[in-house]
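User: Hi! Could you walk me through this model? I have a few quick questions.
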Amino acid sequence: MRVAKGSVAAMVVALVAPCSRGAEGFEVKETPGQFLDVLLDGKIAARYMYAHDVSSKEKRLETYKPYLHVFDAEGKAPITQGAGGKQFPHHRGIYIGWQKLGFEGKTYNFWEMASGDIVHEKFLNQKADADSATFTSLTHWIPNKSDTVVIEEERTMTFHRAPAPPW
């Protein structure tokens, strides 16, 4: 696989989980090959969806890019849209993409994912303690019918506990 020189993109997302302080704190828990959960006091606060399955057209459409689901206060269900949205199926959770990405004289659509896939390669770190959690995902942006990596990205997401409301 060829990696383009100097094509590193970085993204930091900081989310605040609105909960009062509890005894357990943050934890990260991975289901290998599928997703990584960020738990706060034992409840899912966010889920990083990173599976990549090209075994069928339908599976590819579900898994062509990693994204972050944000969960409800009970940790039961995502409040963000996943794969399968009707009007804008590429809008899912928190993600990054570009509609017109130029590389070696060609333009690629990595917003609606018409030109290729963004593939999670591995986690570079995962840390959690009482007050925060963070992880970094290494992703490769790969055009259709190619093994060339047009962007190698380190995507870092950090979560902090919000202060309790004053009332």
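Analyst: Happy to. Strands here are DSSP runs (E, at least two residues), numbered from the N terminus.

User: Before we go on, what kind of model is this?
Analyst: This is a predicted model, where local features need pLDDT of at least 70 and side-chain atom pairs count only at pLDDT 80 or more, while totals for chains, interfaces and linings use all residues. Residues are numbered from 1 along each chain as its sequence is written, and side-chain values use heavy atoms, with hydrogens and water left out.

User: Thanks! Is serine 115 buried or exposed?
Analyst: Serine 115 is buried, with a relative accessible area of 17%. Buried means under 20% relative accessible area, exposed over 50%, and partly exposed in between (1.4 Å probe, protein chains only).

User: And what is serine 115 in contact with?
Analyst: Leaving aside neighbours within four places in sequence, serine 115 is in contact with Thr107, Tyr108, Asn109, Ile142, Pro143 and Asn144. Contact means heavy atoms within 4.5 Å.

User: New topic: how many residues are in the largest nonpolar core?
Analyst: That core has 15 residues, and those with the most contacts inside it are Val38, Tyr48, Leu68, Phe135 and Phe159. At least two of its residues come from each of β3 (26–31), β4 (35–40), β5 (43–49), β10 (132–143) and β12 (151–161). A nonpolar core is a set of buried Ala, Val, Leu, Ile, Met, Phe, Trp, Tyr and Cys residues joined through side-chain atoms within 4.5 Å. Apart from it lies another core, of 11 residues, among them Leu101, Phe103, Ile118 and Val150.

User: Where is arginine 155, and is it buried or exposed?
Analyst: Arginine 155 sits in strand β12 and counts as buried, at 0% relative accessibility. Its side chain is joined to that of glutamate 153 by a polar contact of 2.9 Å. For a polar contact, a pair of N or O atoms lies within 3.5 Å; within protein, one must be able to donate a hydrogen and the other to accept it, and residues adjacent in sequence count only if both atoms are side-chain atoms.

User: Last one: which strands form the open sheet?
Analyst: The 4 strands run in the order β3-β4-β5-β6, with antiparallel pairing. The edge strands are β3 and β6 (67–70), each pairing on one side only. Two strands pair if DSSP finds at least two bridges between them, and 6 bridges join β3 to β4.
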